[in-house]
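This report covers helix packing, the ligand site and backbone geometry. Please look over the model before reading on.

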Amino acid sequence: MSNTLITGGTGLVGSAISQGIKLSTKDGDLRNWLQTLKLFEEHKPDKVIHCAARVGGLAGNMKYKGEFFYDNIMINTNVLEASRLVGVKKVVSYLSTCIYPDDIEYPLTEKKIHQGEPHFTNYPYAYAKRMTDIQSRAYNEQYGTNFVCVIPTNIYGQNDNFDLENGHVLPSLIHRCYLAKENNTDFVVWGDGSPLREFIYSKDIGKLTEWALDNYEEQEPILLGNEDEVTVKYAVSLVVKHMGFTGKVVWDTDKPAGQFRKPASNKKLRSYLPDYQFTSLDEGLGETIEWFNSNYKEIRK
Ligand code: GFB
């Protein structure tokens, strides 16, 4: 993997990739075509893992719909076009289970991505991400490139964005629980805890991505999930346990709940990797919170 370029290399997913040249926004703005082309001409990678994206949790998606559409559609369009022009042999890009149609029969499978309108809370992000699949397939057909997409469920882990308002549920809750413990206040959680999610550890996404980079050749994207669906309430109980919080948990039902569930089948992944061992949410959260507590000053928040 000597000449593999990782866009978004210092973020949640990029930092979980074991090798490669890791780019960050300090190296250039991938929304800008000329800066993107200059980076790719400079590094002339033969493989790319494209992790860079404008992401956020429920509230972030609802608040910044225009920016989430523009930033992601520009970043993805530029990265794939620059990859084509400098002769990159393989690109792995990320979609997400949140880009699926909201009104669809579960479990989610690879064939259902474009079969309807996404959820109202994040349709701009969802459509921008869906176009990465379209651009990849279009380029593969016209230019003979080998651009593939993977579809993770809700990822968590080290180097995430622990923003209290706009972050994803687990990093936001870890940060809020930490502050509640520090300040001896209640630990406020959004909703009633009944929504269901499939959380996957960033280190598993790192390993599965490196497998896809060297082994996955299909046009159709592939779901990366562990089929371990849990309630937000259960996830909260693990955050409380690993943070050693003994105060009161308060449920704020005025806050958005988003989709009730989005279970994804990993039948296709298992057809390739029948014995892959996923990290349990308990173990992954334990490691993430230990890292969080020892790196609090430096984390993104
Ligand atoms: O992670 P999250 O924001 O995104 O929320 P989605 C997951 C669930 O956690 C929702 C609940 O039911 C929230 O109501 N929740 C409870 C909280 N407390 C909190 C909190 O403090 N912060 C947050 N954020 N949630 C996202 C998409 O949907 O999934 C993104 O909007 C992205 O585009 C991501 O793709 C993977 O799972 O609902």
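Axes here are lines fitted to C-alpha atoms, for helices over the stretch in contact, and angles run from 0 to 180 degrees between N-to-C directions. The model is predicted.

## Helix 3 against helix 4

Helix 3 spans residues 65-85, and helix 4 spans residues 123-143. The two pack at an angle of about 15°. Their axes are 8 Å apart. Angles under 35 degrees count as roughly parallel, so helix 3 is roughly parallel to helix 4. The crossing of this pair is right-handed.

Helix 3 contributes Lys 65, Phe 68, Phe 69, Asn 72, Ile 73, Asn 76, Thr 77, Leu 80, Glu 81 and Arg 84. Across from them, helix 4 supplies Tyr 123, Pro 124, Tyr 125, Ala 128, Lys 129, Met 131, Thr 132, Gln 135, Ser 136, Tyr 139 and Tyr 143. By class, the residues of this contact are eleven nonpolar, six polar and four charged.

## Helix 7 against helix 9

Helix 7 (residues 232-243) packs on helix 9 (residues 281-294) at an angle of about 45°. The axes are 9 Å apart. The angle makes helix 7 oblique to helix 9. The crossing of helix 7 and helix 9 is right-handed.

On the helix 7 side, the contact is made by Tyr 234, Ala 235, Leu 238, Val 239, Lys 241, His 242 and Met 243. On the helix 9 side, the residues are Leu 281, Asp 282, Leu 285, Gly 286, Ile 289, Phe 292 and Asn 293. Nine residues of this contact are nonpolar, three are polar and two are charged.

## Ligand surroundings

Which residues come nearest to the ligand? Of the 23 around it, they are Leu 58, Cys 98, Arg 176, Pro 256 and Ala 257.

Arg 176 places a side-chain N or O atom 2.8 Å from an oxygen atom of the ligand. Arg 197 has a polar side-chain atom 2.8 Å from a ligand oxygen. Ala 257 uses its backbone: an N or O atom there lies 2.6 Å from an oxygen atom of the ligand.

## Backbone exceptions

Most residues other than glycine have a negative phi, and most peptide bonds are trans. Lys 44 is not a glycine, yet has a positive phi of about 40°. Lys 44 sits in the loop between helix 1 (33-43) and strand 3 (47-50).

Tyr 106 and Pro 107 are joined by a cis peptide bond, with omega about 0°. Pro 107 belongs to the loop between strand 4 (90-94) and helix 4.

Technical notes. Residues numbered from 1 in each chain as written. Predicted model: local features only at pLDDT ≥ 70, side-chain atom pairs only at ≥ 80, totals over all residues. Heavy atoms only, no water. Helix = DSSP H or I, 4+ residues; strand = E, 2+ residues; numbered from the N terminus. Parallel < 35°, antiparallel > 145°, perpendicular 65-115°, else oblique. Left-handed = near helix turned anticlockwise from the far one by under 90°. Contact = heavy atoms within 4.5 Å. Nonpolar A, V, L, I, M, F, W, Y, C, P; charged D, E, K, R; others polar. Near = heavy atom within 4 Å. Polar contact = N/O pair within 3.5 Å; in protein donor to acceptor, adjacent residues only side chain to side chain.
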